[in-house]
Amino acid sequence: MAEKSVFEQELLLLRIERRRLLAQKPLMAGLTDKVRQKAAGLADSISRAFTEGLAYFLDEDGTALIEKALPVEKLLEEYQQKEAAICERPSFAALAALDRTAFHSRAGNLTATALEGAGLGLLGIGLPDIPLFLGVLLKTVRETALRYGYRCDGPWEQSYLLRVVCGSLTAGEAGKKFWDEADRMAAGLDQRSGDPVVADLEEMTAETAKQLSAALLAAKFVQGIAVIGAAGGAFNVMVLRRAEKGAALMYKARRLEKLRWELA
């Protein structure tokens, strides 16, 4: 009973944090209608760039490229040690240890995103940085998943990952819908329920490209203006922070639900 209480209390805190993230203003809330209208002309090009970039990084070659930048086995080994400690003696300290890793690249991810966004913005280049940004975004989310023992291999796990990203970047009920879908998928993937796992990766890739395009549309327009465009790179960092935060909340909750179910 005590072990269950620890899991339940931690999951409650994670649900509160999820609601807080969903309650944040939309990423582009501060931009003027004039900028939005001018940016609309780039909508097709930006959406296509995101769709093609996501398709590449979710494919075998793109995934291999991202994994080269991650100590996959080391992170998974660290997780296994932490899981063993939780199973032996569940406690808040043991659960909190899941958030820590000996491999620290968060600052590097954020710095790289800021530099590539601002640097290309100074040159007046707003679209070529999209593949670079997507690589950093997916590396960050995959690294977060690895901290909680998930490798994100295969179409089902990739479809789950994309739902997590969409929920992280979408405010209000729309974001909640993505995360509710991810919760149902997780229950099936982790064999905690008999619900079928729905994983139309092509459909979710298109949906994620749509959400990213909407979130960064005006920013890419601003970034396309030389010198002034350096400010557009700041939006890349905002998006990365939200995606990282949302991924941590979702993957940790998923792992705790699985451990609670296994230890019941």
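Lysine 245 counts as partly exposed, at 38% relative accessibility (buried means under 20% relative accessible area, exposed over 50%, and partly exposed in between, with a 1.4 Å probe and protein chains only). The structure is a predicted model, in which local features need pLDDT of at least 70 and side-chain atom pairs count only at pLDDT 80 or more, while totals for chains, interfaces and linings use all residues. Residues are numbered from 1 along each chain as its sequence is written, and side-chain values use heavy atoms, with hydrogens and water left out.

Lysine 245 is found in helix 12 (helices are DSSP runs of H or I with at least four residues, strands are runs of E with at least two, and both are numbered from the N terminus). Leaving aside neighbours within four places in sequence, lysine 245 is in contact with Glu17 and Leu21, where contact means heavy atoms within 4.5 Å. From lysine 245 to valine 165 the distance is 9.9 Å, C-alpha to C-alpha, and the two residues are 80 residues apart in sequence.

The chain as a whole has twelve helices and zero strands. Of its 264 residues, 50% count as buried. Among contacts between residues at least 6 apart in sequence, 81% join residues at least 24 apart.

The C-alpha atoms of leucine 11 and alanine 253 are separated by 6.2 Å, although the two are 242 residues apart along the chain. Leucine 11 is buried, with a relative accessible area of 3%. Not counting residues up to four places away in sequence, leucine 11 touches Ala253, Leu256, Glu257 and Arg260.

Arginine 18 also lies in helix 1. The relative accessible area of arginine 18 is 12%, so this residue is buried. With neighbours within four places in sequence left aside, its contacts are Trp179, Asp180, Asp183, Leu249 and Met250.

Empty space was examined next. Rolling a probe the size of a water molecule over the atoms shows where empty space is left. On a 1 Å grid over the protein atoms alone, a cavity is a set of points where a 1.4 Å probe fits but cannot get out; a pocket is an open set with protein on both sides within 12 Å along at least five of seven lines, and lining residues have an atom within 4 Å of a point. Grid points are joined across faces, edges and corners, and a volume is the space filled by probe spheres set on the points.

The largest pocket has a volume of about 330 Å³. It is lined by 19 residues, of which the closest to its centre are Arg15, Arg18, Asp180, Asp183 and Met250. Helix 1 (2-22), helix 10 (172-189) and helix 12 (233-263) are the elements that give two or more residues to this lining. The largest share, seven residues, comes from helix 10. By class, the lining of the largest pocket has eight nonpolar, one polar and ten charged residues (Ala, Val, Leu, Ile, Met, Phe, Trp, Tyr, Cys and Pro count as nonpolar, Asp, Glu, Lys and Arg as charged, and the others, Gly among them, as polar).

The count of cavities of 30 Å³ or more comes to one. The largest cavity has a volume of about 50 Å³, and its lining consists of Phe57, Leu58, Thr63, Leu138, Arg142, Gln158 and Leu161. Two or more residues of this lining are given by each of helix 3 (43-58), helix 8 (129-147) and helix 9 (154-169). The classes in the cavity lining are four nonpolar, two polar and one charged.

Helix 9 is mostly covered, with 13 of its 16 residues buried. The 16 residues of helix 9 should span 22 Å at 1.5 Å a residue, and the end C-alpha atoms are 23 Å apart, which agrees. The expected span of a helix is 1.5 Å times one less than its number of residues.

For the 17 residues of helix 5 (residues 72-88), the span should be 24 Å, and the end C-alpha atoms are 25 Å apart, which agrees. The buried residues of helix 5 are Val72, Leu75, Leu76, Glu78, Tyr79, Lys82, Glu83 and Ile86. These residues lie on the same side of helix 5, because they cover an arc of only 155° around the axis, the arc being that of the directions from the helix axis to the C-beta atoms. The exposed residues Glu73, Gln81 and Glu88 are carried by the face turned away from the buried side of helix 5. Glutamate 83 is buried with a relative accessible area of 17%, and it touches Arg255 and Leu259, not counting residues up to four places away in sequence.
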